[in-house]
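Here are my notes on the model, as numbered points. Please keep the coordinates open while reading.

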Amino acid sequence: MPIYSHSQLSTYEQCPLRYRLSYRDRIKRDTEGIEAFLGSRVHETLKKAYDDARLTKVNALPELLSYYETVWEQNWRDGVVVTRKDVTLQHYKALGKKMIETYHARYAPFSSDTTIDTEMRVVFSLDGEGKYQLQGFIDRLSRTGDGVYHIHDYKTSAHLPGQSDADSDRQLALYHIGVKKRWPDVQQVRLVWHYLAFDRELVSVRSDDALDELATGARKLIDDIEAAADFPPRESSLCQWCEYPDLCPNRKHLYMVESLPVNQYLKEPGVLLVNRYAELKDKAKDIETETDLVREAIVDYAKREYVTAIRGSGRQVRIKFDKKLKFPGKNEEGREHLVNTVIGAGKWMDVSQLDTTALAHAVEDGLWDKKLIAEVMKHGRTEESSTVWLSRPKGEE
Ligand code: SF4
């Protein structure tokens with residue numbers, strides 16, 4: 001089994017297709033979001049601050065900022081992509097600078113604890129046999145005078161999560177397991193996230209039971225990944241940072257046509273088909289609305305004139321007035337009593353039928369035990385179907 005990383009696990013959870021392209025097919029891309037680029041440069045700068053401090057050299061703020069400028073320029077390449085249209089590259093660069101300034105103001109001379117390592121690689125197993133191996137990089141590992149270890153993680157995102165998010169975060173808790181495996185005498189570990197854009201620390205402490213539970217969940221996820229045969233795309237807000245829009249069935253067409261000039265765009269066969277489909281659907285909707293109104297008018301007319309047949313030009317309509325017996329539907333009041341009455345009278349099989357949609361759901365989602373699913377599947381078959389639905393792309397409503 002390969003060595004997994006937290007980012008592999010979360011990529012699979014977020015989008016199995018992106019996981020497959022990145023980690024199984026190993027398709028490399030030269031593009032990188034500006035957010036990731038900025039994050040890397042800030043991380044490098046803070047690493048320098050602590051690495052130098054370990055050698056007793058305390059960097060003044062101008063030195064750190066100058067280092068930040070240097071690594072920014074050295075690493076800059078055309079493949080760095082700014083997705084947001086309203087924010088420029090200079091805004092991002094200035095944001096990184098501000099993060100370093102506020103961090104320096106708060107933590108210089110970087111001596112409140114002992115840095116054990118920066119960008120420290122940890123490789124550890126999630127079980128006793130070494131079957132489930134995980135690796136990661138700890139931004140900074142330190143120890144305070146009271147013997148407590150601190151796993152630090154720098155966050156450059158523009159979103160500040162809540163305490164409950166920190167308490168349920170998996171990445172640093174996995175590193176906690178790694179630190180404990182490396183130094184079994186470690187007693188206390190604090191997980192510390194530095195949200196640099198907010199000058200805010202979030203701290204979480206995990207119990208041994210919580211770590212066991214986390215390891216069990218991670219092992220189960222690794223088993224799912226190892227057994228996966230299907231890697232469907234899963235759209236989310238994270239798609240805007242995905243490096244594979246040209247290989248994703250959800251984004252490929254948009255990716256292909258967005259660079260076309262308007263005259264070619266409007267002639268592209270897919271664009272033509274969707275435009276025609278939308279036009280017809282709009283017409284069908286208008287016709288349906290008008291049909292309902294005319295139908296209601298016919299019923300009113302029939303009631304008013306006391307007729308059950310109305311003649312047109314070569315056509316006629318007949319109207320039948322009926323009274324139908326109704327019973328409470330699912331989730332309506334009285335339903336439970338009604339069901340119990342029918343079951344109690346032994347008449348359930350006379351009036352019920354198998355819900356095959358719910359059955360397919362139970363099988364597909366593995367909600368029943370394997371033996372029962374295998375038995376049920378003797379009668380199941382897979383049929384290809386398609387659904388076409390029309391919507392407005394997000395942001396173009
Ligand atoms: S664009 Fe979105 S859905 Fe498609 S592969 Fe990337 S993350 Fe998955």
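1. In which hand does helix 4 pass helix 5? The crossing is right-handed. This is a predicted model, and the points below should be read that way. Helix 4 spans residues 61-75 and helix 5 spans residues 89-107. Their axes come within 10 Å and cross at roughly 150°.

2. Which residues make that contact? Helix 4 supplies Leu61, Leu64, Leu65, Tyr68, Glu69, Trp72 and Glu73. Helix 5 supplies Leu89, Tyr92, Lys93, Gly96, Lys97, Ile100, Glu101 and His104. By class, the residues of the contact of helix 4 with helix 5 divide into 8 nonpolar, 2 polar and 5 charged.

3. Now the other helix pair. Helix 1 (residues 6-14) and helix 8 (residues 208-227) have axes that come within 11 Å. They cross at roughly 65°, and the crossing is left-handed. On the helix 1 side, Leu9, Tyr12 and Glu13 make the contact. On the helix 8 side, the residues are Ala218, Leu221, Ile222, Asp224 and Ile225. The contact of helix 1 with helix 8 holds 6 nonpolar residues, no polar ones and 2 charged ones.

4. What surrounds the ligand? The shell includes four cysteines: Cys15, Cys239, Cys242 and Cys248. Arg18, Arg234 and Arg251 also belong to it, as does Glu235. Leu17, Pro233 and Asn250 complete the list. The shell divides into 6 nonpolar, 1 polar and 4 charged residues. The space that the ligand takes is the largest cavity.

5. Two backbone details deserve a look. Most residues other than glycine have a negative phi, and most peptide bonds are trans. Thr56 is not a glycine, yet its phi is positive, at about 70°. Thr56 is found in the loop between helix 3 (34-54) and helix 4.

6. The other detail is a peptide bond. Is the bond joining Ala108 and Pro109 cis or trans? The bond is cis, with omega about 10°. Pro109 is found in the loop between helix 5 and strand 4 (114-125). Helix 5 is also the partner of helix 4 in the right-handed crossing of point 1.

Definitions and conventions: Residues are numbered from 1 along each chain as its sequence is written. This is a predicted model: local features need pLDDT of at least 70, side-chain atom pairs count only at pLDDT 80 or more; totals for chains, interfaces and linings use all residues. Side-chain values use heavy atoms; hydrogens and water are left out. Axes are lines fitted to C-alpha atoms, for helices over the stretch in contact, and angles run from 0 to 180 degrees between N-to-C directions. Helices (H or I, at least four residues) and strands (E, at least two) are DSSP runs, numbered from the N terminus. A crossing is left-handed if the near helix is turned anticlockwise from the far one by less than a right angle, and right-handed if clockwise. Contact means heavy atoms within 4.5 Å. Ala, Val, Leu, Ile, Met, Phe, Trp, Tyr, Cys and Pro count as nonpolar, Asp, Glu, Lys and Arg as charged, and the others, Gly among them, as polar. A residue is near a molecule or strand if one of its heavy atoms lies within 4 Å of it. On a 1 Å grid over the protein atoms alone, a cavity is a set of points where a 1.4 Å probe fits but cannot get out, and a pocket is an open set with protein on both sides within 12 Å along at least five of seven lines; lining residues have an atom within 4 Å of a point. A molecule sits in a cavity or pocket if more than half of its atoms lie within 2 Å of its grid points.
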